[in-house]
Amino acid sequence: MTLQHIILLAVVQGITEFLPISSSGHLILAPALTGSPDQGLLVDVAVHVGTLAAVLIYFWRDVFAMLGGFVRLFTGRINAGARLAIHIVLATIPVVAVGFYLKVSGIEEQLRSVEIIAWTTLGFGILLWIADKVGMTINRLEHMRWGGALFIGLAQVLALIPGTSRSGITMTAARFMGYERSDAAQFSMLMSIPVILGAGLLAGIDLHQAGNIALNQDVLLAAGLSFLTALIAIAVLMSWLKRSSFTPFAIYRILLGGGLLIWLYVYGGAPLPFMS
């Protein structure tokens with residue numbers, strides 16, 4: 001991998017992980033559009049570690065509140081932190097179960113196609129726009145109940161299809177339920193912590209079994225760049241949603257999905273020469 005390729009992947013991962021535009025879809029599209037080789041599992045793990053660190057640092061108060069609340073559960077007392085932790089756990093169970101099945105069945109790899117990404121990017125972009133327009137803004141995180149957390153968790157299962165966007169579909173579900181935009185984004189990002197951690201651990205086990213764990217400058221650069229760009233992306237998104245809507249992200253998805261379909265069906269999906 002060239003230095004330019006590593007920088008591109010790290011920045012793409014950092015920016016797209018928490019924006020409702022699909023990080024997995026963009027990471028698959030990068031080599032497809034440029035004709036460059038796949039980045040490999042080690043770099044994938046590195047950029048996900050970077051984004052995990054970013055969300056932990058940005059939402060450190062919520063993370064400590066959940067950890068403290070989880071400890072309080074053993075004493076039979078439930079506070080706001082404990083309720084949030086329970087909701088995150090409930091929302092994570094469906095994607096863990098279905099994700100494990102897809103991995104062992106081999107279906108996961110069959111979904112990694114540009115055509116699927118094009119349609120999911122377009123379709124779920126339209127759904128995000130609809131949810132944002134029709135959804136009221138009457139609920140905050142403190143209003144969430146177990147059923148609501150489970151509903152958002154079930155929606156998260158759809159993100160196992162590349163191009164859907166984990167953050168996008170969970171924010172869409174939350175907006176349909178009437179949660180304020182910033183609260184929908186906050187819960188979605190907190191949901192990412194166990195998902196990214198679990199995926200990273202599984203990938204780390206695969207790397208260990210293959211004897212392919214070697215920290216070098218490329219890996220550290222990828223992790224560092226994805227961390228910085230993810231931290232900036234989170235801050236910008238949270239600031240934006242306090243005063244505006246998801247419309248720009250929906251428009252981007254519709255344009256990207258439509259453009260990919262044209263590229264596939266009109267130009268045959270050949271690598272773009274100006275991106276090589």
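The bend at a residue is the angle between two fitted axes, one through the seven residues ending there and one through the seven starting there. The exercises below use a predicted model.

**Exercise 1.** Describe helix α5 from end to end: its cap, its span, its kink and the residue just after it.

*Solution.* 
1. Start at the N-terminal end. Asn79 caps α5 there, with a side-chain oxygen 3.3 Å from the backbone nitrogen of Gly81.
2. Take the span. α5 covers residues 80-105, which is 26 residues. The distance from its first C-alpha to its last is 39 Å, close to the expected 38 Å at 1.5 Å a residue.
3. Look for a bend. α5 has a kink of about 30° at Thr92.
4. Step past the helix. Just after α5, Gly106 has a positive phi of about 85°.

**Exercise 2.** Find which element gives the most residues to the lining of the second largest pocket, and classify that lining.

*Solution.* 
1. Get the volume. The second largest pocket holds about 320 Å³ of space.
2. Locate its centre. The lining has 13 residues, and Met66, Leu67, Ile88, Val89 and Pro194 are the closest to the centre.
3. Assign elements. Two or more lining residues come from each of α4 (60-73), α5 and α10 (181-210).
4. α5 gives the most, with 5 residues.
5. Sort by class. The lining has 12 nonpolar residues, 1 polar residue and no charged ones.

**Exercise 3.** Check the secondary structure of two annotated transmembrane spans, 114-131 and 219-238.

*Solution.* 
1. Read the record. The unreviewed UniProt entry annotates residues 114-131 and 219-238, among others, as "transmembrane region".

How values were computed:
Residues are numbered from 1 along each chain as its sequence is written. This is a predicted model: local features need pLDDT of at least 70, side-chain atom pairs count only at pLDDT 80 or more; totals for chains, interfaces and linings use all residues. Side-chain values use heavy atoms; hydrogens and water are left out. UniProt positions are given in the numbering used here, feature names are shortened, and annotations may be inferred rather than shown by experiment. Helices (H or I, at least four residues) and strands (E, at least two) are DSSP runs, numbered from the N terminus. The expected span of a helix is 1.5 Å times one less than its number of residues. A polar contact is a pair of N or O atoms within 3.5 Å; within protein, one must be able to donate a hydrogen and the other to accept it, and residues adjacent in sequence count only if both atoms are side-chain atoms. On a 1 Å grid over the protein atoms alone, a cavity is a set of points where a 1.4 Å probe fits but cannot get out, and a pocket is an open set with protein on both sides within 12 Å along at least five of seven lines; lining residues have an atom within 4 Å of a point. Grid points are joined across faces, edges and corners, and a volume is the space filled by probe spheres set on the points. Ala, Val, Leu, Ile, Met, Phe, Trp, Tyr, Cys and Pro count as nonpolar, Asp, Glu, Lys and Arg as charged, and the others, Gly among them, as polar.
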